[in-house]
Amino acid sequence: MGEKVVAGGFDLSDRQRYRRKLHECLEGLERLLAEKRFDRPKNMMGLEIELNLAGADGMPRMVNAQVLERIASTDFQTELGMFNLEVNVLPHRLGGRVFDQLAEELSAGLGYAHRQAAEIDAGVVMIGILPTISRADLVTANLSAVDRYSLLNEQILMMRGEDFTLDIDGVERLIWTSGSIVPEAACTSVQLHLQVTPARFSAVWNAAQAVAAVQIAVGANSPFLFGRELWRESRPPLFTQATDTRPPELQAQGVRPRTWFGERWVDSAYELFAENVRYFPALLPICDEEDPLRVLAEGGVPGLQELVLHNGTVYRWNRPVYGVADGVPHLRVENRVLPAGPTVADVVANAAFYYGLVRTLADEPRPVWTRLPFAEAEANFDAACRYGIDARLRWPRRGRAGGLASVPAVRLVLDELLPMAAAGLDAWGIEPADRDHYLGIIEERCRRRVNGATWQVDTYHRALAAGLERDEALAATTRRYTELMHKGDPVHTWPVGLAEEVSASVPVAR
């Protein structure tokens, strides 16, 4: 959430006052929108990546405080678990060679963090779920020592009123009960931000929702949890269940979960903020001293702190964001779909594909969301999480015939969406060399039907076939993944199997 929260309890009056402040913030947002006070188009994008810390043995290391002390940079922050970090990239203007610039900055920053972590026998691993994470790692004692995490854990547990049940039925089935939200820390993701004008917001958000399934299909990188092979992208079901404030009775009544795909296409950003206030009780009812309506009446720009804090505790896969920069308010769409990794090149390719695709889809005279029922977009998202690059998705047919067709995700990307993404990057003013290089990575993943999830699964099964036990195979797969991740070649080029097998298969020169 990025908020500094002081530990302490809440009483009934805190919640009532917070609710009043939330509605004042909503009114303030509505006035700002009506008065057209928001920033002009600037084509600004931003990037955040959540990371894991693991030792040379591939096992998680609970040392984020010590690593952050050594890094000594505000670009890096804590995350929920003591084996997590987050790196934030400064906003960039979309255009020119921005993706190469992002790749250089990320490579330098992650390399530096990895070297600092190595001083205490740890290293950075960029992956959706660390395959070696165990139940014993995801306990309250391993929450990062930050007040907001312990408060969040306490409030979600109080609201739920009982332990969390994780039940994910994939290639194998995992059932586990947890007494805290710490399992959420196993999920490490990439967040892509795009600043938009109010008039543009709904088109970009709807486009992002429509393509969320495609992002997952080509970018899946989280097939394992607690030694079980689950979905190709297991983060969404894990995150949904690990943050679910609803006991079974409220689930049966249809009460919405806090991790939410949504339920409809929208016409404005205001609708999403208003839904968050209307549907979700406050988790952290901490009131700011600002009077947003008075600030507006005096000609100022309110921070809307209560709304910002509340919005950060509703985990939409595409989230609306309100911010103020240099005294001017702005809106962003925060895309939270993708797992971290496998490499910097893969992360930047995923970003280029996303930014290009949403630009074209948002510009279309007959937008895809007018032809794709929202329920189908959600079903596509679930199918992509389950099956990754092998998923079939429902998508509007081209031409006058209309209707929906069930198509392999890779064919949809290769035949229809990659050209759209290329056109969108051209519209942003991206240099053709950048465009072709990074979209070429997406193209090759689809042609070879390879992404981070398929590489992990194939390497793991090869390790099992070589005689390793399950835990040994997962640890060996993690070590090999980490080695290749730091080499930096995109995942579709990685040789399947462990290093010893790969070297053994290379003929010796005579």
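Here are a few questions and answers on this predicted model.

Residues are numbered from 1 along each chain as its sequence is written. Local features need pLDDT of at least 70 and side-chain atom pairs pLDDT 80 or more, while totals for chains, interfaces and linings use all residues, and side-chain values use heavy atoms, without hydrogens and water.

Q: What pLDDT does the protein chain average?
A: pLDDT is the predictor's confidence in each residue, from 0 to 100. Here 95% of the residues score at least 70, and the chain average is 94.

Q: How many contacts beyond four places in sequence does the model have for residues 501–510?
A: A contact means heavy atoms within 4.5 Å. Over this stretch pLDDT stays under 50. Where pLDDT is low, the predicted coordinates should not be read in detail. With that said, the count for residues 501–510 is seven.

Q: Which residue of S6 is the bridge partner of Asp167?
A: Helices (H or I, at least four residues) and strands (E, at least two) are DSSP runs, numbered from the N terminus, and two strands pair if DSSP finds at least two bridges between them. S5 (residues 164–169) and S6 run antiparallel over six bridges, with a three-residue hairpin joining them. Across from Asp167 sits Ile175.

Q: Which residues make up the covered face of S6?
A: In a regular strand the side chains alternate between the two faces of the sheet. On S6 (residues 173–178), Arg173, Ile175 and Thr177 form the uncovered face. That leaves the covered one to Leu174, Trp176 and Ser178.

Note on methods. Buried means under 20% relative accessible area, exposed over 50%, partly exposed in between (1.4 Å probe, protein chains only).
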